[in-house]
Amino acid sequence: VTLTTPLAHTPCGILERVLPQPQNMAAEFYTGKNILAPMVRVCTMPTRILAAEYGADIVYSEEIIDRRLLMCKRVENPTWGTIDYVDTESQSGNIIFRTFPEERDRLVLQLGTGDAARALQCAMLVAKDVSAIDINMGCPLKFSTSSGAGSALLKKPETIRDILTTLRRNLPSDVHVTCKIRLMATVEETVDLARTIEACGVSAFAVHGRYVSQRPRDPAHWDLVKQVVGSVSCPVIANGDVFEYADFEKLRSETGAAGAMCARGAMWNQSIFRKEGLLQPRENLNALLTKCLEWRHPLKNTKYLLREMLIKDKDSGLETEEGRALNKSETLQDVAKLFNLQESLVGAKERQLVAATGLKRPCDATIHDEEQIEEVSRQRSSLRVE
């Protein structure tokens, strides 16, 4: 990657302050917003679509590790009307990230990275398909930290500066640059980090109101998030313990944050974004499953999403006959039948697109169905990287 401007450090090693985007642009995008938090294996396209239909203003992707995204090529898929990031370095040709043009204005891609150059390569690859690039600096799991990403970054302020300033200097001005952190050992350390991040020119940053050592069952520290919010001028997104619609406004009110973010509550029931209140668990489950079926979502991830919802549902669970049958399901049609949905829902979006257009738009490469992904992989040399 050729940087269009230098990195943030001067020849003398002194950090320059990077000019942020116009404050009104960032404030408009984040203020008063209810946001779907990034969750690995959860924030795939069906979850994002359903959350947005219920009222989510901004939706994050799951965290995608930089090296994995760099193995992908951007492919416009006219069969589904999607943009697919296809792993053409493997025999399987897996789709690592999938989106569609209609969600661009609300979509944030969360990136797991510990390197500024790789971060910029990834960001430039996806910039035309998202509204923001977010750097994960809070996840304590080995999935993230083993590569120097996630919470491993919290103790590396120089690396944080390099990543954020490199992104802000080189990305188009209409692409927001943000990050998501956790609380440091002391309020003073967290405030210092927040000010360092703000000086990098970010549009906003999110604060998960827990320490790295804390687990989700531990209460979030809204009072500490409030102190962080008061220490900076840029928009802050507060995250932690949002379990019903009213909690979004309560979290903003009690912390002074611009936006409020929901994770587990939205994993269990995406209708948390409805002003009218939560739907019954089974109604919401069927709505999400319908999205998975219509888009012919991968079976493995479809089953994962449903399992997480069944575990939380006190009237169901994985040890029931239904739960065991889900684990044994071998096709999307099996899953549809199990939950009393029409098997004809599988692939419905593809049929709707063909019926509506009757045409296929130009693209870099075409993936007609899952069976042809392997063929695309074999022909990867003919695909053009965006």
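# Reading a predicted chain: a tutorial

A: The protein chain contains 16 helices and 12 strands. The model is a predicted one.

Q: What share of the residues of the protein chain counts as buried?

A: Of the 386 residues, 56% count as buried. The accessible surface of the chain comes to about 17,000 Å², and carbon and sulfur atoms hold 51% of this surface. As for contacts with a separation of 6 or more, residues 24 or more positions apart account for 67% of them.

Q: Which members of the largest nonpolar core touch the most other members?

A: A nonpolar core is a set of buried nonpolar residues joined through side-chain atoms within 4.5 Å. The largest one here has 91 residues, and those touching the most other members are Ile-133, Ile-135, Leu-164, Leu-167 and Phe-205. Helix H4, residues 116–126, gives the most to this core, with 7 residues. Another core, of 12 residues, lies apart from it and includes Phe-29, Ile-58, Tyr-60 and Ile-237.

Q: With which residues is Leu-167 in contact, leaving aside its neighbours within four places in sequence?

A: Leu-167 is in contact with Ala-119, Leu-120, Ala-123, Ile-133, Ile-135 and Val-177, once those neighbours are left aside.

Q: How many residues does helix H6 have, and which span is expected for it?

A: Helix H6 covers residues 157–170, which is 14 residues. From its first C-alpha to its last it reaches 20 Å, close to the 20 Å expected at 1.5 Å a residue. Among the buried residues of H6 are Ile-160, Ile-163, Leu-164 and Leu-167, and also Arg-161 and Arg-168. The buried residues of H6 pack against H4, strand S8 (132–137), strand S9 (176–183) and helix H7 (187–199).

Q: Which residues form a nonpolar patch on the surface?

A: Val-40, Leu-141 and Phe-143 form such a patch, with about 260 Å² of accessible area together. Leu-141 sits in the loop between S8 and helix H5 (142–145). Leu-141 counts as exposed because its relative accessibility is 52%, and the cut-off for exposed is over 50%.

Q: Which salt bridge does Lys-291 form, and how many salt bridges are counted?

A: Side chains of opposite charge can pair when their charged atoms come close. The count here comes to 13 salt bridges. In one of them Lys-291 pairs with Glu-53, the closest N and O atoms being 2.7 Å apart. Lys-291 lies in helix H11 (residues 281–294) and Glu-53 in helix H2 (residues 45–54), so this pair ties together parts that are 238 residues apart in sequence. Lys-291 counts as buried, at 12% relative accessibility.

Q: Is Arg-74 buried or exposed?

A: Arg-74 is buried, with a relative accessible area of 4%. The side chains of Arg-74 and Glu-76 meet in a salt bridge at 3.4 Å, N to O.

Q: Where is Asp-241 found?

A: Asp-241 is in the loop between strand S11 (236–239) and helix H9 (245–255). Its phi is near 65°, a positive value in a residue other than glycine. The side chains of Asp-241 and Arg-264 meet in a salt bridge at 3.5 Å, N to O. Arg-264 lies in helix H10 (residues 264–268), so the pair ties together parts that are 23 residues apart in sequence. Arg-264 counts as partly exposed, at 22% relative accessibility. Salt bridges that share partners join Arg-74, Glu-76 and Asp-129 into one network.

Conventions. Residues are numbered from 1 along each chain as its sequence is written. This is a predicted model: local features need pLDDT of at least 70, side-chain atom pairs count only at pLDDT 80 or more; totals for chains, interfaces and linings use all residues. Side-chain values use heavy atoms; hydrogens and water are left out. Buried means under 20% relative accessible area, exposed over 50%, partly exposed in between (1.4 Å probe, protein chains only). Helices (H or I, at least four residues) and strands (E, at least two) are DSSP runs, numbered from the N terminus. Contact means heavy atoms within 4.5 Å. The expected span of a helix is 1.5 Å times one less than its number of residues. Patches are made of residues with over 30% relative accessible area and no salt bridge: like charges are joined within 9 Å, nonpolar side chains (Val, Leu, Ile, Met, Phe, Trp, Tyr) within 5 Å. Accessible areas come from the Shrake-Rupley method with a 1.4 Å probe; for residues, only the protein chains shown count as cover. A salt bridge is a side-chain nitrogen of Lys or Arg within 4 Å of a carboxyl oxygen of Asp or Glu.
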